[in-house]
Amino acid sequence: MSVLVFIDQTEGHIKKSSFEAAAYAAQTAEKLGTTAEAVVLGSVNDDLASLGNYGIKKVHTVADASLNNLDAQVYAKLVAQVAEATGADVVVFSNNTSGKAIAPRLSVRLKAGLVSGAVALPETANGFTVKKSVFSGKAFAHINVTSAKKIISLNPNSFSITTTGGTAEVLPFAATADAPKVEVTAVNKVTGEVPLSEADIVVSGGRGLKGPENWGLITELAQLLGAATACSRPVADIHWRPHHEHVGQTGLAIAPNLYIAVGISGAIQHLAGVNRSKVIVVINKDPEAPFFKAADYGIVGDAFEIMPKIIDAVKKLKGVA
C-alpha cells in the first residue's frame, strides 16, 4: 500500500502545482501510515531526487521522449501500471489541464472513486472523506470515498507546500508506452511572461481601461510585482488582449495569492474564475460594482488617477527609478 502522485512537467521542468501535489500526497500517506511515491513521464531535466524534499520516497520514471506531449489515454495506462506495481491505493494529481484529462481515465481503469478539486487533506478517522470546492468556489462538499482505490486531484494553490529535506530514490520503470494517438503539429508559446496558471500575483484589467492603448498601466504594475497579466472576457472578445489572458468561468480559473482587478465590474462569470484567490483587490470608480462584495480590499476611484500612484509607490518601495 502506498500513495502515488503524478508529477506534471513541461519542457523538462516540473510544474509548481506538482510540488503542491507531492507535499499533499506525502502528508496523506503519513495520515494513512504509509509512504508516498511519484511517477514522472517523459524527459525531465530537473533533479527528480529533490522531490524527496517534499516527502516523496521513490520516483518512478518512464523517460520516453514520445511522452513529452500529453496524450491522456497513453498517460492513464502508464500511471495505472505504476499504481498497480507499487500497490498504490491512493493516486494524487494536480487539478490542472493534465490532471483533468488523465484522472477520469485512470479512475475507469482502476475502478477508483475520483474527487476532483480537493482543497484539504482527507479525513481518515471514519472512512475516507475529501473536502472539495463546488459551485465555482461558492461552497464546499465533503465526499466520502468508499472504493478500494481512490483518486484525488488537488486544486492548485489550495495547499501549503512543506519541505522535509529528504532525498527520493529515482527508479526507471519498465513500461512500453503505446504509440501516441495525439499528433502535435505545432506549438504556439507565449514567451517572456509569467504563466497565469503558475502566477502568485495577477494584475487584471477590464473595459474600465477604455482601450488597449491604456494597457501599459496593467503591464507596468505587473512587471514591477513579478506578476502575470489577465483580462475580463469582454476585453478578450473585442481583441484588446489575447484570449489566453481571459480569466473567468469561460476562460482560465486561477488561484493566485494576490489578484488585482482594475476596471472590472465583477460579473458572476468573472468571479467564478478568480474567487479562489487568497486576496482580491478591486479598483473601480463605480462604488456599486458587484466586485466590491467579493473584494478583500477596494479602492473607489478613477483607475487613471489611482494606478499611476500605486505604480510610483511600488517603484519607491523597490528602489526603482
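Biologist: How do the residues of the lining of the second largest pocket divide into nonpolar, polar and charged?

Modeller: There are nine nonpolar, 14 polar and six charged residues in that lining. Here Ala, Val, Leu, Ile, Met, Phe, Trp, Tyr, Cys and Pro count as nonpolar, Asp, Glu, Lys and Arg as charged, and the others, Gly among them, as polar. This is a predicted model, in which local features need pLDDT of at least 70 and side-chain atom pairs count only at pLDDT 80 or more, while totals for chains, interfaces and linings use all residues. Residues are numbered from 1 along each chain as its sequence is written, and side-chain values use heavy atoms, with hydrogens and water left out.

Biologist: What volume does the second largest pocket have, and which residues lie nearest its centre?

Modeller: Rolling a probe the size of a water molecule over the atoms shows where empty space is left. On a 1 Å grid over the protein atoms alone, a pocket is an open set of points where a 1.4 Å probe fits, with protein on both sides within 12 Å along at least five of seven lines, and lining residues have an atom within 4 Å of a point. The volume is the space filled by probe spheres set on the points, which are joined across faces, edges and corners. In this model the volume is about 430 Å³. The lining has 29 residues, with Arg207, Ser232, Gly263, Ile264 and Ser265 nearest the centre. Two or more lining residues come from each of helix 5 (233-237), helix 6 (268-274), strand 15 (279-284) and helix 8 (303-318). Helices (H or I, at least four residues) and strands (E, at least two) are DSSP runs, numbered from the N terminus.

Biologist: Which residues of helix 3 are buried, and what do they pack against?

Modeller: An α-helix has 3.6 residues a turn, so residues three or four places apart point the same way. Buried means under 20% relative accessible area, exposed over 50%, and partly exposed in between (1.4 Å probe, protein chains only). In helix 3, the buried residues are Ser98, Gly99, Ala101, Ile102, Ala103, Leu106, Ser107 and Leu110. They pack against strand 1 (2-7), helix 2 (72-86), strand 6 (88-94), strand 7 (113-118) and strand 10 (150-154). Contact means heavy atoms within 4.5 Å.

Biologist: What caps the N-terminal end of helix 3, and what follows the helix?

Modeller: The cap is Asn96, with a side-chain oxygen 3.2 Å from the backbone nitrogen of Ser98. A polar contact is a pair of N or O atoms within 3.5 Å; within protein, one must be able to donate a hydrogen and the other to accept it, and residues adjacent in sequence count only if both atoms are side-chain atoms. After helix 3 comes Lys111, with a positive phi near 55°.

Biologist: Why is helix 1 described as largely enclosed by the rest of the structure?

Modeller: Because 12 of its 17 residues are buried. Among them are Phe19, Glu20, Tyr24 and Thr28. Just after helix 1, Gly33 has a positive phi of about 75°.

Biologist: Is Ser277 buried or exposed, and what is it in contact with?

Modeller: Ser277 is buried, at 8% relative accessible area, in the loop between helix 6 and strand 15. A polar atom of the Ser277 side chain lies 2.6 Å from the backbone oxygen of Val274. Leaving aside neighbours within four places in sequence, Ser277 is in contact with Ile254, Ala255, Pro256 and Tyr259.
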